[in-house]
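Please take a moment to look over the sequence and the model shown here, and keep both in view while you read.

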Amino acid sequence: MSGQTLPPAIETVALRKTFGPIHAVGGVDIALAPGRIYGLIGPNGSGKTTLIRLLVGLARATSGEARVLGTRMPSRPLLSRVGYMTQSDGIYPELSVWENLRFFAGLYGRADRARLLAALALVELDDRRGTPALELSGGMRRRLSLACALVHEPTVVFLDEPTVGIDPALRVQFWAHFRRLTGGGATLLVASHVMDEADRCDELLFIRDGRVLARGSADELRRRAGTDRLEDAFLHFAGVTGAAAAS
Amino acid sequence: MSARRLWSITRRIIDGFRRDHRTLALIFIVPVAVTALLGWVLRDQQIAPTRVAIVDLDVAAGGRLASAISDAAMGAGLTVVDDGIVDQVTARAALADDRIDAALVVPSGFVADLLAGGSPRLRLITQGANAIAEGGHVAGLQRAVSRAILSLAPGGPRGEIGIERETVFGTPDADVLDVMAPVFIGYFAYFFVFVLTGISFLRERVGGTLERLLATPVTKPEIVLGYSLGFGIFATFEVVILIVFSLMRLEVPAIGPLPAFVVGLDVPTAGSPLLAFLIALLLALGAVNLGIFLSTFARTELQILQFIPIVIVPQGLLAGIFWPVETLPDVLQPIARLLPLTYAVDGLRDVMIRGYDLGAGSVQLDIAVLATIAAFFVALAAGTIRREVA
Ligand SMILES: Nc1ncnc2c1ncn2[C@@H]1O[C@H](COP(=O)(O)OP(=O)(O)OP(=O)(O)O)[C@@H](O)[C@H]1O
Ligand SMILES: [Mg+2]
């Protein structure tokens with residue numbers, strides 16, 4: 001319970017972002033304590049990516065505030081402590097696995113060999129070091145993208161659907177690694193619409209139409225919705241009539 | 001500004017091209033091949049030697065320029081004809097009778113004006129009958145005049161030397177066939193660097209890597225400078241290869257059934273290749289950043305190519321490559337004077353053909369303008385990179 005007294009790693013105050021008539025993020029207030037894995041769960045177009053981009057400082061809020069580690073975003077210096085795995089791979093297809101990793105590590109000034117090797121080992125691409133990213137399989141590219149986001153050992157990590165296209169065995173390893181990161185004090189916000197992954201998070205944020213519908217651990221949300229399936233819990237909080245039929 | 005981040009960006013551009021052999025060939029081999037072809041075509045057009053009369057009215061200088069031109073003419077495929085031509089009237093008569101191809105009139109006080117840093121003008125009278133042959137005559141004469149002026153004013157004149165054109169029969173034709181090689185150095189550097197950076201940066205924007213790049217502590221100047229350095233290195237090699245190719249002459253002897261041939265254009269340059277190199281590099285720096293800037297307005301690689309007729313072709317037509325800027329219609333002249341290529345073409349011609357150095361006023365102007373334009377494009381490019389995209 002001492003977690004509640006720590007200052008939040010991620011915080012938003014009445015955060016909004018509109019694109020013309022679309023309220024991509026429509027007034028979000030959250031304060032997330034450090035050292036935990038948070039799942040941002042919502043359907044396509046619910047505003048997950050936009051919320052993360054606001055937190056990383058890649059989008060300017062229409063109104064409200066986004067804070068990471070107490071610093072109001074956008075803030076360039078803070079970015080050295082932030083990791084961001086984008087929804088698209090965001091790697092250079094013409095560069096090799098090693099060159100991609102070295103490039104991103106270099107931007108953080110942390111391109112030493114040992115660190116690069118460790119990052120490659122994590123995503124099991126050590127034997128593909130010289131392969132151009134273009135020649136990797138889709139899942140391997142995703143793995144490389146994750147390595148690039150974690151290579152500088154960030155304190156706050158935003159992962160936008162990190163395990164899409166990753167095989168089940170590696171997925172288990174990924175989550176084990178995420179858990180290790182929180183052991184070192186890191187905070188992770190993982191966007192996903194895969195419910196079976198949601199169970200691995202410490203806490204979930206259900207989001208739809210740019211609003212947080214509910215927040216709590218998976219068990220808690222299931223109990224509150226009176227169902228034993230997370231999908232149904234989501235529909236329950238979204239107020240969809242179908243939820244009643246399902247329960 | 002962190003040197004480490006800067007180097008990361010530069011290196012990633014080099015890494016990206018290293019494996020792309022086709023693009024490397026495009027940068028390094030194609031310009032040489034095209035320049036060689038052009039040199040070949042132009043050289044073979046010079047059929048007959050030019051018969052020229054020199055009317056030196058600069059009595060005060062004691063015929064110094066006339067004798068300097070005569071000396072230079074020997075090496076430039078020109079025959080100096082005397083034939084009783086003493087003034088403009090006899091010169092015109094000789095032109096009309098086709099006893100000479102061109103008459104060069106040196107006005108009185110020319111040499112004194114030249115040495116005082118003024119901008120004196122020569123007058124060149126031609127027949128005006130055959131535009132193509134005329135171009136060849138004029139090109140040869142210009143070369144001889146340049147060398148003569150250089151021998152009187154080492155390092156190049158401080159003012160602009162003008163040549164007024166006049167013909168006996170028709171309207172004066174543009175002096176087209178000035179040696180093309182130095183001009184192509186500038187043009188290729190500009191063209192390839194623009195297209196390559198444009199596409200490369202577009203891919204950053206649409207491929208999601210720019211988003212990722214901006215999620216790191218990298219700064220805008222680091223991105224722009226990193227790109228300029230990365231592509232600058234390729235532009236540097238390209239320019240070096242083209243300059244060497246233009247200047248060298250390597251005679252390959254006949255081997256078996258192959259006839260003997262010559263590699264290189266053997267352009268008779270007097271100027272410093274280093275200075276030519278500086279001019280081409282400033283031009284390329286501008287092109288890198290123009291590419292970054294314009295990539296904002298494209299969504300696909302094909303749309304970058306659509307900028308070629310807008311950005312590259314008009315520059316090719318207006319920048320003085322094929323005809324001098326002064327002969328353009330009045331409306332187009334101010335436009336031509338805004339184009340970086342205009343100054344690069346002029347500067348490269350000054351240095352490589354006329355042999356001017358940094359002391360020459362026109363070279364100083366060219367370099368100053370190119371540097372200004374490059375700085376302007378850098379600012380434009382930096383302006384299009386925004387951390388908060390939307
Ligand atoms: N740059 C943009 N311009 C205009 N509209 C945008 C932009 N980015 C996002 N939107 C809109 O904002 C809303 C939320 O988009 P967002 O990408 O945040 O959803 P998401 O939850 O990440 O969806 P997905 O699961 O498909 O990734 C959508 O309606 C989308 O169309
Ligand atoms: Mg998304």
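The paragraphs below go through the surroundings of two ligands.

This is a predicted model, in which local features need pLDDT of at least 70, side-chain atom pairs count only at pLDDT 80 or more, and totals for chains, interfaces and linings use all residues. Residues are numbered from 1 along each chain as its sequence is written, chains are lettered from A and ligands numbered from 1 in the order in which they are written, and side-chain values use heavy atoms, with hydrogens and water left out.

Around ligand 1 there are 14 residues, of which A:G45, A:K48, A:T49, A:T50 and A:Q87 come nearest; a residue is near if one of its heavy atoms lies within 4 Å. By class, this shell has four nonpolar, eight polar and two charged residues, where Ala, Val, Leu, Ile, Met, Phe, Trp, Tyr, Cys and Pro count as nonpolar, Asp, Glu, Lys and Arg as charged, and the others, Gly among them, as polar. Helix 1 of chain A gives the most to the shell, with three residues (helices are DSSP runs of H or I, at least four residues, and strands runs of E, at least two, numbered from the N terminus).

An oxygen atom of ligand 1 is 2.6 Å from an N or O atom in the side chain of A:T49, and a backbone N or O atom of A:G45 lies 2.8 Å from an oxygen atom of ligand 1.

Note on methods
Polar contact = N/O pair within 3.5 Å; in protein donor to acceptor, adjacent residues only side chain to side chain.
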